[in-house]
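Me: I would like to learn how to read sheets, helix packing and cavities in a model. Please take me through them one by one.

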Amino acid sequence: MKILIADDEKTIRAGLVKIISEHFTIPLELLEAKNGQEAWDLVQQEAPDILITDIRMPKMDGIELMRLVAGRESKPAMVVLSGYDDFSYARESIRHGVVSYILKPVDKQEILQVLDKLVSERLSQQRQREEQLLASAMKGRVPEKESLSELIARDAYRIFKCVQPGSFELSSFLDQNNAYIVEERPQALALLVPETKRLEILEIIGKKAVFIGLSDIIRTPADLQTCMTHADIAALTRFFVSDKTFYPYEELADPAVHCSEVRTLDTVAVLIGTGDRSALDRNLQSLFAFESDSLFQNVTALYHIVSQLPSLLAAFHQYTESDPYLAMKALLLRDSDRYTAQEDLKKDLGDFILYLDITLKQRYSAYPFIEQALTYIAKHYTEDISMAVVANHCSVNYTYFSEKFKLVVGTNFNDYVKQLRLEEAKRLLQSGCYKVYEVATRAGFGDVKYFMKTFKEATGLSPGEYQKRFIV
């Protein structure tokens, strides 16, 4: 926080410096200018947060200084001090956006009351900008890399993933402890916490949340997304441990696990609409069979299931929107942070899938070749297939097949196959076992450049950026 004091009287500048430095406990940088030109130079060079200026000064008066400052895109809050009780000065000051006009001799309490309000407002604005910057960085967009680097450089940080936090006055608490909200959902809160405050904040937040997953330490902006993933993974240990309310990722990580087990919802998604309930049940049981001796392997396997839920729900959104029961189940599953027991998550997912299977089976019954086509696509979508090949396999006219496929499935053939390939690409990237060009080939895209372009359009991230979020 920078405050610039512009006044041609040295004693007044010294007095204000003494009053301000003795009053505020936060770090402040107090700048001084003995004339308007010097003040204007400092405004451009130092970008102060608050400008306290006299009206009559040599080289450039306060009115001209305010006019120049008012024209800047980023400008300080301005406070005018004047020994001239003249309305014309006050009117000109107001026109240039001055927030307060104080007559000399300056009353100590009056100036401190004005500065208290301005400092509080500026700190609040700064925090909002920093939280917006962090939120953008979490989504892979960092327009102000230098500002982000400066923020991270202040301390070593961790991310706390707080599951089902209780309500309490959070903003002032975080402000006092130099912590930030980086993600806020109905049933979860992700906080950026200074390592120096870790134990203190953990003790307080731990009483307000069902469970907390702690990332390892963030030292550079490049660590943000990876550590967010680590905090998400650590928070999922709540499904496997019952004697803890928090878990650090560094205690969970297993160096012996080089490639985490990736369980894909595609194994059940391709069966939806077939009416084969026994096969759906078997696959659901297999998905939720966590039998590894490694807690880390079990937790990361569950993480891959949970991370695929939004894609599964999106793939069938045209059906969930029109059915109240499916819509309700989809609403629950979209917010996986609400779950603290495997059985509850498994039950809601199973209910959704089995009900959707019945709904689609009824819809497919009018066009039995669609079910045949979907089964064939599920087996061959990573190969060089086309709608002509599939229509021929089903012995159906190409044009008729195209029309009915979109009617029943809700999307055209090419988009359907592309979505399957994208989901397979995500699964392969999440495993961390394949290079980007290998993923492109294994997922059925073939051409790496086309794959990278398509993936970025669909997710907003390059395959490499996406993969970094899942490196465990």
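The dialogue below takes up the sheets, then a helix pair, then a cavity.

Me: What should I know about the source before I start?

Reply: This is a predicted model: local features need pLDDT of at least 70, side-chain atom pairs count only at pLDDT 80 or more, and totals for chains, interfaces and linings use all residues. Residues are numbered from 1 along each chain as its sequence is written, and side-chain values use heavy atoms, with hydrogens and water left out.

Me: How do I read a sheet, and in what order do the strands β2, β1, β3, β4 and β5 lie?

Reply: Strands of a sheet pair through backbone hydrogen bonds, either parallel or antiparallel. Here the open sheet runs β2-β1-β3-β4-β5, with parallel pairing. Strands are DSSP runs of E with at least two residues, helices are runs of H or I with at least four, and both are numbered from the N terminus. Two strands pair if DSSP finds at least two bridges between them. β2 (29-33) and β5 (100-103) each have a single partner strand, so one side of each lacks a neighbour in the sheet. The twist averages 20° from one strand to the next; angles run from 0 to 180 degrees between N-to-C directions, with axes fitted to C-alpha atoms, for helices over the stretch in contact.

Me: How many bridges link β4 and β5?

Reply: Four, in the parallel sense. Ser 82 stands opposite Leu 103 in β5. Helix α2 (residues 36-46) packs on this sheet and touches β1 (2-6) and β2. Contact means heavy atoms within 4.5 Å.

Me: What is the strand order in the sheet with mixed pairing?

Reply: The order is β7-β8-β6-β9-β10, again an open sheet of five strands. β7 (180-185) and β10 (246-248) are the edges, each with a single partner strand, so one side of each has no neighbour in the sheet.

Me: How is a helix pair described?

Reply: Two packed helices are described by the angle between their axes and the distance between the axes. Helices α9 (residues 224-235) and α13 (residues 295-315) pack at about 110°, with axes 9 Å apart. They are therefore roughly perpendicular, the class for 65 to 115 degrees. Thr 229, Asp 232 and Ile 233 in α9 meet Val 299, Thr 300 and Tyr 303 in α13.

Me: Which helix gives the largest share of the lining of the largest cavity?

Reply: A cavity is a set of points on a 1 Å grid over the protein atoms alone where a 1.4 Å probe fits but cannot get out; lining residues have an atom within 4 Å of a point. Helix α17 (residues 368-380) gives the largest share, three residues. The lining includes Tyr 364, Glu 371 and Leu 374.

How values were computed
On a 1 Å grid over the protein atoms alone, a cavity is a set of points where a 1.4 Å probe fits but cannot get out, and a pocket is an open set with protein on both sides within 12 Å along at least five of seven lines; lining residues have an atom within 4 Å of a point. Angles under 35 degrees count as roughly parallel, over 145 as roughly antiparallel, 65 to 115 as roughly perpendicular and the rest as oblique.
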